[in-house]
Amino acid sequence: MPMPLSLRHREPAGGLRERADEDLMALVRRGDVRAFEVIYDRHCNVAFSLAYRMCGTRGAAEDVVQEAFLSLWRSSARYDRTRGSVRTWVLGIVHNRAIDSLRRATGHDRHRASDEGIEERFESGERTDIEAARRDEAREIRAALDELPAEQSRVIELAFYGGYSHSEIADLLDTPIGTVKGRMRLGMEKMRHSLEAAGVVVAG
Amino acid sequence: MSTHEEFRDDCAAYVLGALSVSEAGALREHMEACASCSAEVARLRAVSEALALGVPPRIAPAELRRRVLDAVEDETALLAAATGEPRPATARRRFLLRPAAGLAGGAAALGLGLALGALVIAPGSGSTHVIAASVAPASAWHAAVAPTASLRETGTNGELVVHGLPAAPAGRIYEIWVERGGLARPTDALFNATSQGSATVAVPGGLRDVAAVLVTAERLGGAKVPTMAPLIRASLG
């Protein structure tokens, strides 16, 4: 049973903003719109950045982010803190929604969306510590991807950001499926090592 | 039947989302019994999670925040309208006798829905068979409202028949989507429920190759992409 509307606004937003994501998700599960608002504010930029990278247009990225956060609102009960952070969960939803959106798009639009060089950035002027750390982290990850041999980074980008399946990539690149899978595996392994060395992911 | 080595080769494609639905399902099944592939996927998952963050940073537009929060408030209003009574068991009966406060807007929307709502199936145009449809219970809304749905097929025409559906809230209208090949596609069938909570709506294009007929509540005029999880999912599977 959701919390009655009259009870939803009792806690000042300042109090909520100091709480951990996982605690906020417990409130979201009970229908707390203010807690949802804090979750949105914390993760909307990473969500939008990923959606924009995948969809290539601002309108499509906005639709994907909206769908993803509404899905989070409706299925918050499915969030399991033992399986990862809220940010990871949000980005997983955005990734899936963006793939759905790309697969709905026509071939031309989709191909364009996976192309490089359509970067129309509208970055924030603000330079908070968190923003700065996020930018550094993103730069490290892109560097690890850029360091890969081109044929490996290409298949990873087409799959993860372009939403293409391995068989579609094999067709696009006129390369056997086995080779595509092999490049994915080698590229991901190498990225894993570089990201471990950079301290972006934990060694395991 | 794939070998362990073949599954091992699929792990990277799996975390990148590049396997087909059936391949991904087969790998998941294999992982239940294979700790080594399971660990490999967990290791590579950390890289795909990093890829999600390794994109040029952007700032989400301020108007998007408004859109998302408006939609959440709308859904909350929809739920509050459906669960207006403290006891869910009585909420539905009460709701059917005394439709939501949004009835005036809903009635206006109904006119719009009928105007746009595609064809009406002529009686006697061939044999009709009724396909019992399951309604996926997905939220507190379902628990309180408990709508039922069935699909009717007459020749090449299909109809969705719904009962126990409250009038759409003010400023909203129900939209029918058809799911084919795993994708929900919009239709121009917009409708509202009667004051008795029922609706019979033609499914544009019929039911051929359709996996499920979905209903969402959208802003007047409908949407091209669903803005919410389906309120009704009448599956033909």
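Reader: How do you know how many helices and strands chain A has?
Author: Helices (H or I, at least four residues) and strands (E, at least two) are DSSP runs, numbered from the N terminus. Counted that way, chain A has 10 helices and 0 strands, and along the sequence its pattern reads α-α-α-α-α-α-α-α-α-α. Chain B has 7 helices and 9 strands. Do keep in mind that this is a predicted model, where local features need pLDDT of at least 70 and side-chain atom pairs count only at pLDDT 80 or more, while totals for chains, interfaces and linings use all residues. Residues are numbered from 1 along each chain as its sequence is written, and chains are lettered from A and ligands numbered from 1 in the order in which they are written.

Reader: Why is I99(A) called buried?
Author: A residue is buried if 20 or more other C-beta atoms lie within 10 Å of its own, exposed if 12 or fewer, and partly exposed in between, with C-beta atoms placed from the backbone. I99(A) has 21 other C-beta atoms within 10 Å, so it is buried. I99(A) is found in helix α5 (residues 86-104) of chain A. Not counting residues up to four places away in sequence, I99(A) touches G163(A) and G17(B), where a contact means that the C-beta atoms, placed from the backbone, lie within 7 Å.

Reader: What makes a set of residues a nonpolar core?
Author: The set consists of buried Ala, Val, Leu, Ile, Met, Phe, Trp, Tyr and Cys residues joined through C-beta atoms within 7 Å. The largest such core here has 108 residues, and A47(A), A51(A), V65(A), V94(A), A159(A) and M184(A) have the most contacts inside it. Its largest share, 14 residues, comes from helix α3 (residues 33-55) of chain A. Leaving aside neighbours within four places in sequence, A47(A) is in contact with V65(A), A68(A), V90(A), L91(A) and V94(A).

Reader: Why are α9(A) and α10(A) called roughly perpendicular?
Author: Axes are lines fitted to C-alpha atoms, for helices over the stretch in contact, and angles run from 0 to 180 degrees between N-to-C directions. Angles under 35 degrees count as roughly parallel, over 145 as roughly antiparallel, 65 to 115 as roughly perpendicular and the rest as oblique. The axes of α9 (residues 166-173) and α10 (residues 177-197) of chain A come within 9 Å and cross at roughly 110 degrees, and the pair is therefore roughly perpendicular. H166(A), S167(A), I169(A) and A170(A) of α9(A) meet I177(A), V180(A) and K181(A) of α10(A).

Reader: How do you know that α10(A) is also roughly perpendicular to α3(B)?
Author: They pack at an angle of about 80 degrees, with their axes 9 Å apart, which makes α10(A) roughly perpendicular to α3(B). M188(A), M191(A), R192(A) and L195(A) of α10(A) make the contact with R43(B), L44(B), A46(B), V47(B) and A50(B) of α3(B).

Definitions and conventions
Two residues are in contact if their C-beta atoms, placed from the backbone, lie within 7 Å.
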